[in-house]
Every structure is written in C-alpha cells, then in structure tokens.
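I shall take the helices one after another and then turn to the ligand. Please look at the structure as I speak.

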Amino acid sequence: MSLAAKVRPPARILVYKRGATAKLPPPQWKPVHLPPPPPITLEADKMPMARALYNGYCANCHGLNAVSGGVVPDLRYLTPETRVRFPSIVFGARAERGMPSFLGAMTVDQMWMIHQYLVKRAHDLKGELETAEKVRL
Ligand code: HEC
C-alpha cells in the first residue's frame with residue numbers, strides 16, 4: 001500500500017441500466033491519519049532483536065517490517081487506546097477474531113520489545129509522511 005493511498009474506501013456495488021442518466025455520488029475517501037507515536041524507550045542496540053521478534057511472530061499476518069497489505073491491521077497505526085490493550089490483545093483477548101494468542105509463546109519482555117519495534121516503525125512512517133508532504137509542496 002503506498003503512503004498516499006492510506007485510505008479506507010467505501011465499498012459499493014454498481015448496477016447499470018441502459019439509457020439511465022443518474023449520476024454517482026462522489027466517493028468518500030477518508031484519509032487515515034497516523035496517531036502520534038509515543039517515544040521510543042528501547043535501547044538502540046536491542047532494536048534488531050525486537051525487529052526479529054516481530055518478523056518471526058507477527059509479520060506473516062501484519063506484514064514484513066510492520067508494513068501491512070491493508071487487510072490485517074497495520075500496527076504502525078496503533079491508537080493510544082489500542083496501545084493500552086496491546087498486552088491483552090497479544091495474549092489472547094481477540095483470539096476469536098483471528099488474532100492468535102501468544103500466551104506461553106513469548107515472554108512479557110519480548111511482547112514489549114515487539115511493541116517498541118512498532119513504535120519505532122510508526123516514527124519511521126511519520127518521518128516518511130513528513131518528507132512526502134514537503135516534496136509535494
Ligand atoms: C494469524 C494471523 C496473525 C498473526 C500471526 C498476528 N496477528 Fe495480530 N491480528 C490479526 C488479525 C486478523 C487482527 C484483527 C483482529 C480484530 O479484528 O480485532 C489482529 C489484530 C491485532 C492488534 C489490534 C490492532 C488494532 O488496531 O485493533 C494488535 C495490537 C495485534 N494484532 C498485534 C499482533 C502482534 C504483536 C503479533 C505478533 C506477536 C500479531 N498480532 C500476530 C492476525 C494476526
């Protein structure tokens with residue numbers, strides 16, 4: 001998904017009739033804004049391990065290096081509310097919705113390292129978006 005295309009398009013079904021003159025209402029493209037990420041607190045030398053943990057456990061569904069294809073949530077866009085729920089989500093709170101439980105599969109420290117990697121990737125994206133904005137001006 002390109003940076004500029006971070007939108008949630010409304011789905012619609014079009015039915016055509018010969019000779020009809022009705023006009024389509026304009027599409028409502030709603031841009032998805034990046035919530036401001038919290039500060040990075042993990043030591044820089046531990047970040048490669050955090051990245052490896054993310055790519056090992058989460059990338060299959062959420063995308064390599066935390067860039068999602070758009071179907072499963074892009075974890076760079078976590079809201080403050082979801083960040084509060086992060087441990088419970090990773091340890092099973094949304095299991096019935098297709099987000100597997102990692103209870104017993106990783107330690108609490110590893111879970112927080114993955115969270116820090118996601119914070120870092122949100123900062124990376126923030127920088128990329130700001131650069132893209134400057135180039136456009
Ligand atoms: C088998 C696929 C799969 C894997 C592997 C997976 N997830 Fe998920 N995850 C999902 C799906 C599907 C959802 C959406 C669930 C829903 O609709 O609430 C989700 C949702 C989430 C959410 C909530 C996002 C939001 O904005 O609501 C978080 C946080 C999350 N996953 C973290 C992780 C982490 C961290 C890992 C690796 C430790 C991981 N996931 C591995 C499938 C997966």
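Predicted model: local features only at pLDDT ≥ 70, side-chain atom pairs only at ≥ 80, totals over all residues.

Two residues are in contact if their C-beta atoms, placed from the backbone, lie within 7 Å. With that understood, consider Y117: leaving aside its neighbours within four places in sequence, Y117 is in contact with M47, A50, R51 and Y54.

As a general remark, nonpolar side chains tend to be buried together in soluble globular proteins.

Let us stay with α4. This helix has 29 residues and reaches 42 Å from its first C-alpha to its last, close to the 42 Å expected at 1.5 Å a residue. Its buried residues include M111, M113, I114, H115 and Q116, and also Y117, L118, V119, K120 and A122. Against what do the buried residues of α4 pack? They pack against α1 and α3.

Helix α3 is our next subject. It has 14 residues, but its end C-alpha atoms are only 17 Å apart, short of the 20 Å that a straight helix would reach at 1.5 Å a residue. Where does α3 have a kink? A kink of about 55° lies at F86, shortly before the proline P87.

Also in α3 is F91. Is F91 buried or partly exposed? A residue needs 20 or more C-beta neighbours within 10 Å to be buried, and is exposed with 12 or fewer; F91 has 16 inside 10 Å, and therefore counts as partly exposed. Leaving aside its neighbours within four places in sequence, F91 is in contact with S101, F102 and L103. F91 and S101 are 10 residues apart in sequence, yet 4.8 Å apart in space, C-alpha to C-alpha.

Finally, the ligand. Of the 20 residues around the ligand, Y57, C58, C61, G98 and M99 come nearest. The elements giving two or more residues to this shell are α2, spanning 59-62, and α3, spanning 80-93. Helix α3 gives the most, with 4 residues. By class, the shell has 14 nonpolar, 4 polar and 2 charged residues.

Thank you for your attention.

Technical notes: Residues numbered from 1 in each chain as written. Near = placed C-beta within 6 Å. Nonpolar A, V, L, I, M, F, W, Y, C, P; charged D, E, K, R; others polar. Expected span 1.5 Å × (residues − 1). Bend = angle between axes of the 7 residues up to and from the residue.
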